[in-house]
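Work through the exercises below with the sequence and the model side by side, and try each task before you read its solution.

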Amino acid sequence: MATFPPLRPAVRNYDMGMFPVTTRTGFGGGSVRFSHGADSFAHSLDLGFTLLTQVEAALIRNHYRGQQGGFLPFRLSSEAWDGHTSATDLVPVTTRWVYVQPPEETHLAGGLMDVSVRLESVG
């Protein structure tokens with residue numbers, strides 16, 4: 001299984017996902033909630049990389065192409081969690097990710113660029 005390139009993001013935004021709960025209207029008009037499991041799913045993670053060289057940005061582009069966009073899941077590199085206490089306090093180490101959309105690039109002077117990536121967990 002592929003792993004996201006070993007780049008450290010400057011910005012990381014994380015959404016804890018949802019729990020498998022459905023709500024129905026009860027006979028008395030109130031709400032009844034049903035839990036279908038204890039684990040959350042559909043975690044989202046936005047990674048922002050600043051001042052990447054063309055070679056570093058190409059690592060992300062090539063990874064995106066290798067994963068056929070959002071089709072093939074992959075694991076995150078340990079560098080993607082650098083600066084955070086522990087990746088496993090957010091999601092299990094076995095979590096796989098897919099691209100939600102293509103990486104977005106902002107080209108800057110001197111051949112440098114900022115790249116942002118939006119990911120979603122798939123298990």
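Predicted model: local features only at pLDDT ≥ 70, side-chain atom pairs only at ≥ 80, totals over all residues.

**Exercise 1. Find how the rings of F4 and F49 are arranged, and explain why the pair is classed as it is.**

Solution. The search for aromatic pairs gives a count of 4. For F4 and F49, the ring centres are 6.0 Å apart and the planes stand at 20 degrees, so this pair is stacked, because planes under 30 degrees apart fall into that class.

A second pair, F74 and Y99, is tilted, with 5.1 Å from centre to centre and 40 degrees between the planes. Here F74 sits in the loop between α1 (54-66) and β5 (97-99), while Y99 is in strand β5, so that the pair links parts of the chain 25 residues apart. Both F74 and Y99 are buried. To complete the picture, F4, F49, Y64, F74 and Y99 form one aromatic cluster.

**Exercise 2. Describe the surroundings of H63: is this residue buried or exposed, and which residues does it touch?**

Solution. First locate H63, which lies in helix α1. Its relative accessibility is 9%, and H63 accordingly counts as buried. Leaving aside residues up to four places away in sequence, H63 touches A2, T3, F4, P5, F74 and Y99; among these, F4, F74 and Y99 are also members of the aromatic cluster. Last, a polar atom of the H63 side chain lies 3.5 Å from the backbone oxygen of T3.

**Exercise 3. Identify the salt bridges of the structure, and say which elements they join.**

Solution. The general idea is that side chains of opposite charge can pair when their charged atoms come close. A search of the whole structure finds 2 salt bridges. In one of them, R118 pairs with D46, and the closest N and O atoms are 2.7 Å apart. Since R118 lies in strand β7 and D46 in strand β4, the pair ties together parts that are 72 residues apart in sequence. R118, at 36% relative accessibility, counts as partly exposed.

In the other, the side chains of E105 and R61 meet at 2.5 Å, N to O. This pair links E105 in strand β6 with R61 in helix α1, 44 residues apart. E105 is partly exposed with a relative accessible area of 27%, and R61, at 25%, also counts as partly exposed.

**Exercise 4. Work out in which sense strands β6 and β7 pair, and over how many bridges.**

Solution. Strand β6 (residues 104-107) and strand β7 (residues 113-121) pair in the antiparallel sense over 4 bridges. As an example, T106 has D114 in β7 as its bridge partner. The hairpin has 5 residues between the strands, and G110 takes a positive phi near 75 degrees.

Note on methods:
Residues numbered from 1 in each chain as written. Heavy atoms only, no water. Phe/Tyr/Trp six-rings, centres within 6.5 Å; stacked < 30°, edge-to-face > 60°. Helix = DSSP H or I, 4+ residues; strand = E, 2+ residues; numbered from the N terminus. Buried < 20%, exposed > 50% of the residue type's maximum accessible area, 1.4 Å probe, protein only. Polar contact = N/O pair within 3.5 Å; in protein donor to acceptor, adjacent residues only side chain to side chain. Contact = heavy atoms within 4.5 Å. Pairing = 2+ DSSP bridges. Salt bridge = Lys/Arg side-chain N within 4 Å of Asp/Glu carboxyl O.
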